[in-house]
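Subject: Structure handover

Hi,

Here is the structure for your files. My notes follow below it.

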Amino acid sequence: MSSVDSQQRVLSGMRPTGKLHLGHYHGVLKNWVKLQHEYECFFFVADWHALTTHYDDPSIIEASVWDMLIDWLAAGVNPGSATLFVQSKVPEHAELHTLLSMITPLGWLERVPTYKDQQEKLKEKDLATYGFLGYPLLQSADILLYRAGHVPVGADQVAHVEITREIARRFNHVFGREPGFEENAEAAIKKMGKKAAKLYASLRKRYTEEGDGEALLTAQALVKEQQNITLGDKERLMGYLEGGGKVILPEPQALLTPESKMPGLDGQKMSKSYNNTIALREEPSEVERKIRTMRTDPARVRRDDPGNPDNCPVWQLHEVYSTDDVKAWVQEGCRNAGIGCLDCKGPVIDAVKAELIPIQDRARQYEDNPDLVKSIIMEGSEAAREAAKTTMEDVRHVMGLSYR
Ligand code: TRP
Ligand code: SF4
């Protein structure tokens, strides 16, 4: 795998937070399940990232890792389609992190918005640590280690993908300059054959002189489809397009995860810290109890007081789960007090329970067989390590560390 194929690769990670809920499902997990059929996907548990903020309480991390993995599998993330692994099982993440740290200006890390924000938010913790400052760099190592072209993340993580791009660019600039790079690149152009060489040269010119991004994409595709030149030459041609040296670590792109429409039980965003969640492995009776006790439009004190769905968190659940017919029934029945709030909640209770049935069935298989989960992770971590090793060989080589 070289920078040339990175557009096909997706990588994403999650810190181990324990059991997941419907907010995770409707946001991240459904997206991963879709992506696993479209790309070569690597999904991993960022346990080292968890330690940056929970170093004083590491005992909870392991249980959280297994709980979270069971929920990924239960949600339909498929180890036959995607590679699932745990960060700390692939020590190359740490090696790349160290090597990248050599070229990372402190100011870049200090300026990442999450650095100060999180320190403010988690005031009770001492986050004036080296590990916490390096959080985004460790994340950059996670991404660059697999030469992933796409990184599905929420809006809060886009800045981390951005700094990853800057670090890749700097790395390629510093270490991608082999002696005689330009001559080698020019020679590689000739090797493509007359027609392709001419097209490459004109596209490159359009990009470097006019900033034409379309031309860059076309040229990259052109390089990719060449059959008669070596991988080294392909990388030179890729790098030459953007002016630097060889592309050793390709720049990834954030693939913004669509914001989850799943509201919490109180109408705010569903989140553990708001205590308004329905877990993927919530007992059906608990699902029922939680929805039945949800607050509704405060105007409906008595059964015959009319209400307004716009002021009611239950309506937001109908927006996620109900058909147009049911929604019309709610609108009408709420506004003219034709239905009671418990009637109104019935279809939502049924829909959530129905959604959770296949998820919980799958979860049970894994709960009953913890060794199966462990073997999935051992295998995934092995496979991830193979991919990681390829990158590290190139990285060590350009940094003068291959001692061959
Ligand atoms: N920082 C991410 C989060 O909090 C988790 C993460 C770690 C990650 N490494 C990553 C996400 C690499 C994408 C790619 O959600
Ligand atoms: Fe909310 Fe439904 Fe009650 Fe209206 S009828 S207030 S939408 S629960």
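The largest cavity has a volume of about 110 Å³. On a 1 Å grid over the protein atoms alone, a cavity is a set of points where a 1.4 Å probe fits but cannot get out; lining residues have an atom within 4 Å of a point. Points are joined across faces, edges and corners, and the volume is the space filled by probe spheres set on them. By this rule there is one cavity of 30 Å³ or more.

A note on conventions: this is a predicted model, where local features need pLDDT of at least 70 and side-chain atom pairs count only at pLDDT 80 or more, while totals for chains, interfaces and linings use all residues. Residues are numbered from 1 along each chain as its sequence is written, chains are lettered from A and ligands numbered from 1 in the order written, and side-chain values use heavy atoms, with hydrogens and water left out.

The largest cavity is lined by 14 residues; Cys312, Val314, Cys334, Cys341 and Cys344 are the closest to its centre. Two or more lining residues come from each of α15 (313-321), α16 and α17. Helices here are DSSP runs of H or I, at least four residues, and strands are E runs of at least two, numbered from the N terminus. The lining splits into nine nonpolar, two polar and three charged residues. Nonpolar covers Ala, Val, Leu, Ile, Met, Phe, Trp, Tyr, Cys and Pro; charged covers Asp, Glu, Lys and Arg; the others, Gly among them, are polar.

Ligand 2 sits in this largest cavity, meaning that more than half of its atoms lie within 2 Å of the grid points. The residues around ligand 2 (a heavy atom within 4 Å) include Thr296, Asp297, Arg300 and Val330. In this shell, α16 (324-335) and α17 (341-367) each give two or more residues. The shell holds six nonpolar, one polar and two charged residues.

**Ligand 1**

Ligand 1 is surrounded by 14 residues, with Arg15, Tyr135, Gln139, Asp142 and Gln157 the closest. A nitrogen atom of ligand 1 lies 2.7 Å from a polar side-chain atom of Tyr135. For Asp142, a side-chain N or O atom is 2.7 Å from a ligand nitrogen. For Gln157 the corresponding distance is 2.9 Å.

Gln157 is in the loop between β4 (150-153) and α9 (158-175). Why does Gln157 count as buried? Its relative accessible area is 15%, and buried means under 20% (1.4 Å probe, protein chains only).

Best wishes

Key:
On a 1 Å grid over the protein atoms alone, a cavity is a set of points where a 1.4 Å probe fits but cannot get out, and a pocket is an open set with protein on both sides within 12 Å along at least five of seven lines; lining residues have an atom within 4 Å of a point. Buried means under 20% relative accessible area, exposed over 50%, partly exposed in between (1.4 Å probe, protein chains only). A polar contact is a pair of N or O atoms within 3.5 Å; within protein, one must be able to donate a hydrogen and the other to accept it, and residues adjacent in sequence count only if both atoms are side-chain atoms.
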